[in-house]
Amino acid sequence: MSTKIILLIGASAVVLIFIVYAVIINNRRYSGRRRRYNKDLHSDVGDLSLSEKDSVAGEDEGTLRTLGGDGPDFTAKPEEKPAPEPQKAQEKKPEKIWQDFYIVNLVKADGTPFDGYAVKTNFESHGYIFGEYDIYHCLDNVDDKSSEKFAVANLFKPGTFSKKDVNSFAVKGISFVLQPKKGSGVRNFTSMLKDVGEFAHELGAVVINQDCSRKFDDALKDQYLKELAAFDAQ
């Protein structure tokens, strides 16, 4: 099997891992909002006293007796309804040109693997945290997992890093993965590219694009920054 096909398979595995990761995080956020909604709803119903319930029921019953007394009064003037307000023109949403994930990969030009100890040392020197899914995470605040700027995974299956025997561990490719966050897409991507450049220099690697088909160049960088600027502006 050619090196290019292997790289393509590895890139697909990384994307799948982060799609599952994003779904789990979003489900956690949705469940939290759902629990808070149900709590507030039951709290509002519970605050209604028995006397208040009777008062509401009495008002409804009295209204019905009044309407059914002597029959309808056809001389009464019909209730005047306020004129409908003119509908506001809907704001046009920006066209989606951005991607759900932005991935930049590092490999060695000769196809040899990176030394596991060197990779681990470089990750830790940049302040990356080893965490969920056995991958590294770059956080704005090390005490807040939700402040993640981007993550770093193994380009090849299973997409994770081993910490059991770091001295013999080797990895043929490293994937830097960014899931854009509104208002910080450009900032986080720029930060990620800075680290990618430093890693490439320190590990003797070349930077390639998401599907491992060509080198990551300035044209692709400008395209991604343009897309992320549109994402931040929505």
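Predicted model: local features only at pLDDT ≥ 70, side-chain atom pairs only at ≥ 80, totals over all residues.
**Helix H4**

Helix H4 covers residues 185-203. With 19 residues at 1.5 Å a residue, H4 should span 27 Å, and this agrees with its end C-alpha atoms, which are 27 Å apart. Several residues of H4 are buried, among them Phe189, Met192, Leu193, Val196 and Phe199. The buried set also includes Asn188, Ser191 and Asp195. Just after H4 comes Gly204, with a positive phi of about 65°.

**Nonpolar cores**

The largest nonpolar core has 32 residues. Leu106, Phe123, Tyr128, Val152, Ile174, Phe176 and Phe189 have the most contacts inside this core. Two or more residues come from each of several elements, including strand S1 (102-107), helix H3 (116-125), strand S5 (148-154), strand S7 (173-178) and helix H5 (218-233). H4 gives the largest share of this core, seven residues.

Leaving aside residues up to four places away in sequence, Phe123 touches Tyr128, Tyr136, Val152, Phe161, Ile174 and Phe199.

**Cysteines**

| Residue | Relative accessible area | Class |
|---|---|---|
| Cys138 | 6% | buried |
| Cys212 | 8% | buried |

Cys138 counts as buried because its value of 6% is under 20%. Cys212 is buried for a like reason, since 8% is also under 20%. A search of the whole structure for disulfides finds zero.

Note on methods. Residues numbered from 1 in each chain as written. Heavy atoms only, no water. Helix = DSSP H or I, 4+ residues; strand = E, 2+ residues; numbered from the N terminus. Expected span 1.5 Å × (residues − 1). Buried < 20%, exposed > 50% of the residue type's maximum accessible area, 1.4 Å probe, protein only. Core = buried A, V, L, I, M, F, W, Y, C linked by side-chain atoms within 4.5 Å. Contact = heavy atoms within 4.5 Å. Disulfide = S-S within 2.5 Å.
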